[in-house]
Structures are given as C-alpha cells and as structure tokens.
Amino acid sequence: MRRILLALLLAIPAFATKLTVAVSLQPYSSVVHEIGGDQVNVVTMVPAGADPHTFEPKPAALKDFAKATVYFSDGSGMDAAWLPRFKGVNKNVNVVSLSKGIAWMEEDEHHHHEGAEDHHDEHHDDGGEELDPHLWTSPVQMMQIAENLCESLMNLDASNKDLYRKRTNDLVARLKTLDQELRQSVNGLPADGRTFIVFHPAYGYFARDYGMKQLTVEVNGKEPKPRDLANLVKTGKQNNVHIVFVQPQFSKRAATTIAKELDATILETDPLALDYEKNIRALLNAIREKSAK
C-alpha cells in the first residue's frame, strides 16, 4: 500500500503540470484560453489598453515569458522588434507561427481614403509594405487561427489532444455562426451604408471578408494633415458615413473634427478587446442601426 501511495504522489506533478504558452495580444489569449482550457497557462505580453505599436515589454511580463514553452506569433512581423528581448529571457522557447493558411493583406491595402495617394510617399518609408496584423477582426481568419492553434497544442501535449480537438470544434462552430450572422447583417445594409471611418486601420480583414469599406483617419501611421482631413470628409460624404469609430489606444482629436464635419456620431471600439467576437458584432450593429435611420 505504501508503494502504491508513493507512486501516486510521484505521478501527481506530471499530471498537474500545465503547458505555459505565450501570445502577443488579448484576442489571441482568448482563443488559447478557450482551446487550452485548464490544461494551459497563458501569458499575454501586451496588456489591455496598451498600443502594440509603442509597446515595450515590462519586467513582470518578461518574467512570466521566461516560463513559457511556446510563443505563438501571428506571423505578421508585428512582434519582430520584441522577439530578441523575449528570447533573451527564454532562449529555449519554441516560436510557432499561427499564420498557416491565412489570406494576408498588406498593411497599406484597402484602407486609404481617396486623395491620399498623391502624397503617399511623404509618409511611407522605403522598406516596402508590411503585413496587416489585425487578423482577429474577421471570424474567417480566426477560424484558421483556431485550427492552427489546435494542431500546435496537440503536438505539444498529445495526452490532451482529444480535449483540444473538441474545444476547437466548438469554437469554430460558434465562429461559423457569427460569420453567417455578419453576412446576413451586411446583406441587409444599403449599398451606400457599408462604409465606415475608424482612426487606426484595424478592421481591414473584416471589411474585406464581409464586403464593407474601411476609411481611416490615420495616414500611414501618422496623424492626418489638413489636406488628409479634407479628403476624408469629402469621401465620407460621398459614402454616406454616419459613424466615426475611435479607439482607446489613439487620440480622438482628428476623429472628432471629421465627425463634426460629417454630422456623424462618434463611437468607441476596441479592436484589441479580449472578447473579439463581441467587439466585431457591436461594430456592425452600430453601423446597421445608423444606416436604418
């Protein structure tokens, strides 16, 4: 009996040990939590409310990262500047890309407002286009990310692969329902009610995958100049825009000016929210309600 008890005690840590994984952003943390469940610990590097474009890893986050077995990168290159510091505290971390099968957009694709092209070069570095990292704003892309995460977790922790597979199937089924809901909502919008303005170009994948048009206040990562604002107001009027979305990570000053010129409502949206499904549903519902008036 004593030997049996000793064997059980020795076995407990092996069963109780959780896989520690790290991700960059809150939306990815949500997916990993849902698929990984109680079998994983999730370390999220960029805290809620922070701007990833100016993010600097905090000592506490780096300390947590040091415990991670794997870091799930979105593959866009957004985290390229952080990876040396991440690896500096965890040389053995396995970096896995989540971008297998992703239909990428370039960061400057699909969100310029009319009139911006004539002075595009004065804002753009010569390094070429970068991939748009905002994949989570489209359920279509998130279904692929969920599948990629599932595959990776099953490889890392084969003893729980059935759990990971079931949770992924449940998540993908829910995202398919959301996908259908979004398509039905967009189909119900008038042709001139499918354009929206947002400060930072975070919704390019949503716009592309659901037949919407995203106009942005920000021009190539910088505050707009007076000519940019004038062009955007003109385009907004031509496209019957009634809402200007602002984000907590960015200034509201220019967006407020544009909304006043368009007689539009300002609404806050957080594309980096943990509940990315709720956020994208709320965004489209707001556009639909304004279009109906």
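Two strands count as paired if DSSP finds at least two bridges between them. Keep that in mind as you explore this predicted model, beginning with Val23 in strand β1, whose bridge partner in β2 is Thr44.

**Strands β1 and β2**

- Strand β1 covers residues 19–23 and strand β2 covers residues 40–44; the two pair in the parallel sense over five bridges.
- Together with helix α2 (residues 26–36), these strands form a β-α-β unit, and the unit is right-handed.

- In general, strands of a sheet pair through backbone hydrogen bonds, either parallel or antiparallel.
- Strand β7 (residues 243–246) runs parallel to β8, and four bridges join the two.
- To find this pairing in the structure, look for Ile243, which stands opposite Thr265 in β8.

**Helix α6 and its partners**

- Helix α6 (residues 161–187) packs with helix α10 (residues 276–292) at an angle of about 10 degrees, and their axes are 11 Å apart.
- Angles under 35 degrees count as roughly parallel, so α6 is roughly parallel to α10.
- Among the residues that meet here are Leu171, Leu175 and Leu178 in α6, and Ile280 and Leu284 in α10.
- By class, this contact of α6 with α10 has eight nonpolar, one polar and five charged residues.
- Helix α2 packs against α6 at about 130 degrees, with the axes 8 Å apart, which makes α2 oblique to α6.
- Val31, Glu34, Ile35 and Gly36 in α2 meet residues of α6 including Tyr164 and Arg167.
- The contact of α2 with α6 has four nonpolar, two polar and three charged residues.

**Aromatic rings**

- Searching the whole structure turns up eleven aromatic pairs.
- In one of them, the ring centres of Tyr71 and Phe86 are 5.5 Å apart and the planes stand at 75 degrees, so this pair is edge-to-face.
- Tyr71 belongs to strand β3 (residues 70–73) and Phe86 to helix α4 (residues 83–89), so the pair links parts of the chain 15 residues apart.

Note on methods: Residues numbered from 1 in each chain as written. Predicted model: local features only at pLDDT ≥ 70, side-chain atom pairs only at ≥ 80, totals over all residues. Heavy atoms only, no water. Axes fitted to C-alpha atoms, helices over the stretch in contact; angles between N-to-C directions. Parallel < 35°, antiparallel > 145°, perpendicular 65-115°, else oblique. Contact = heavy atoms within 4.5 Å. Nonpolar A, V, L, I, M, F, W, Y, C, P; charged D, E, K, R; others polar. Right-handed = clockwise from strand over helix to strand, strands pointing away. Phe/Tyr/Trp six-rings, centres within 6.5 Å; stacked < 30°, edge-to-face > 60°.
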